[in-house]
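Colleague: I am new to this structure and would like to learn how to read it. Could we go through some features one by one?

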Amino acid sequence: MRRIRVKDEQAVIELRDTSYSYRGGEPLLQGMTLQVAPGSFHFLTGPSGAGKSTLLKLMYAELQATGGAVTLFGQDSRVMDRNAVADVRTRIGVVHQDCQFLDHLSIADNVALPLMVQGKPVGSDLHDLLAWVGLSDRMHAFPPELSGGERQRAALARAVILSPDVILADEPTGNIDWDMSQRVLQLLVELNKMGKTVMVATHDIALIRAAKPQVSTRILRISNKRLQSAGAEL
Amino acid sequence: MIADTLRLMIAPNKASDTVVPPTGFTARLTVFAAGAMAFLAVFALALSVSTGRLADRWEAELNSSVTIRISAPADQVEAQTLAVLKVLDQTAGVASARALEPDEQRALLAPWFGPDVPLEELPLPRLVDVVQGPQGLDAAGLRLRLAAEVPGAVLDDHSRWRAPLVDAARALRMLGWIALGLIGITTAAMITLAANAALAANAQVIRVLRLVGARDTFIAGAFVRRFTLRGLIGAAAGTTAGIVAIILLPNGAEGGFLTGLGFEGLGWLSPVLIPPLGAIVAFAATRAAALRTLSGLR
């Protein structure tokens with residue numbers, strides 16, 4: 001078993017011998033050590049239930065490691081207060097598999113939500129962003145009115161509206177067809193080329209294979225509770 | 001720091017108010033609870049103020065007034081009355097003293113016997129009303145002197161029957177304050193329940209807001225502003241209704257103890273404090289509930 005270590009002093013996310021167990025039970029993740037370099041593109045794969053979503057939650061501080069340490073932009077997440085957690089999330093955009101929209105708000109308001117909670121003005125960037133993800137004509141629709149692919153693209157737009165340094169995507173193509181998966185992948189690759197660090201958790205091997213020609217990726221696999229490099233066999 | 005938190009919690013924030021959806025029945029519950037409690041608070045306040053006023057008045061009268069009762073055969077009443085007045089004239093601490101006229105005694109008895117009571121046919125004692133000076137009089141010494149010089153005269157300083165009434169009035173005033181405290185606590189409890197219901201109904205909204213980087217003050221502010229405003233509106237309505245009800249109570253000038261319930265002079269301004277206090281209670285209760293809920297989320 002080989003531990004992954006990106007040798008970069010400026011790692012945006014760093015795990016050191018990190019483990020996590022729910023409610024004091026058996027560890028779901030164990031001995032994870034990883035440095036995520038700025039501007040890198042990672043895929044995180046593994047079977048369902050392996051802990052991909054849990055690992056992502058550790059990376060945006062929704063969960064706190066039960067062992068070892070998680071460092072986000074140089075701050076140890078164990079000692080971050082609630083305001084610091086809120087602040088670090090403005091630097092990490094998250095795309096959830098179920099999108100996590102507020103159904104009483106329009107798509108435009110949902111996408112602009114990170115700006116609104118920061119008290120920042122919602123300007124023309126919102127229209128540009130919606131045009132970029134191909135949702136200009138759907139901005140006044142409400143989340144339940146959107147297709148799966150439209151929802152994923154809107155979630156991606158919300159994740160990047162604050163121009164975060166890191167984008168974490170949890171099964172962003174889990175509920176959409178292949179063509180739409182390709183469109184979402186293309187958007188993520190574009191973001192990476194703009195300098196954003198991207199980590200995509202997916203069990204869709206075809207998606208990973210489709211990405212390889214487009215971008216330099218590092219592929220991680222969670223196996224037996226541990227993180228392994230999985231680039232060669234893919 | 002505290003000022004910043006208060007500003008974030010209270011100052012209008014369109015974004016915060018937009019992202020948290022309307023909280024349905026909890027809005028009406030909060031307004032109704034605050035209104036009902038404010039209505040009761042007006043009465044508790046009126047009870048406290050009125051009984052306090054009554055206790056003070058009775059105590060002042062107790063300290064300033066005594067009565068001498070002269071029981072003697074009819075042909076000696078006048079002589080003993082004059083003797084009593086003479087003794088009083090020589091007693092230190094007596095500001096004034098006068099024998100009550102038959103008409104005044106008739107007026108005192110009218111509530112029990114009717115207006116046409118034939119006083120001359122009843123074996124009634126003659127009453128002498130004594131007003132004490134600021135330094136007070138020596139009641140024990142006066143009693144001894146009256147016993148020696150006017151055997152039919154008995155000094156009554158009213159303490160036997162009035163002191164328990166003063167104590168009762170003071171106890172009622174204390175009960176009024178306790179009732180006000182309980183009303184405040186009950187208001188806080190009801191608003192906390194309503195706020196918790198609203199927070200639970202919006203658990204997903206709160207989670208999403210945290211995930212996109214909202215600070216606790218932003219999220220809590222949306223709930224705190226709404227419940228504070230509802231508390232204020234409800235309490236203002238309840239207070240207004242309570243004041244109107246107090247005004248409509250029978251006039252205390254003609255009645256006794258219970259009909260004296262109400263405010264006097266600047267005292268009418270005291271219920272004005274109830275709505276802001278209701279808003280403060282709503283603010284504190286909602287803020288505590290919101291921050292408690294948020295502490296369960298990372």
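Modeller: We take a helix, and then a residue in a strand.

Modeller: This is a predicted model, in which local features need pLDDT of at least 70 and side-chain atom pairs count only at pLDDT 80 or more, while totals for chains, interfaces and linings use all residues. Residues are numbered from 1 along each chain as its sequence is written, chains are lettered from A and ligands numbered from 1 in the order in which they are written, and side-chain values use heavy atoms, without hydrogens and water.

Colleague: Which residues of helix 4 of chain B are buried?

Modeller: In general, an α-helix has 3.6 residues a turn, so residues three or four places apart point the same way. Buried means under 20% relative accessible area, exposed over 50%, partly exposed in between (1.4 Å probe, protein chains only). In helix 4 of chain B, the buried residues are Val77(B), Gln80(B), Thr81(B), Val84(B), Val87(B) and Leu88(B). They cover an arc of only 125° around the axis (taken from the directions from the helix axis to the C-beta atoms), which puts them on the same side of helix 4 of chain B.

Colleague: Which residues are exposed on the other side of helix 4 of chain B?

Modeller: There, Asp75(B), Leu82(B), Lys86(B) and Asp89(B) are exposed.

Colleague: Where does Thr197(A) lie?

Modeller: Strands (E, at least two residues) and helices (H or I, at least four) are DSSP runs, numbered from the N terminus. Thr197(A) lies in strand 8 (residues 197-201) of chain A. Thr197(A) is buried, at 1% relative accessible area. Its contacts (heavy atoms within 4.5 Å), not counting residues up to four places away in sequence, include Val12(A), Val36(A) and Asp165(A).
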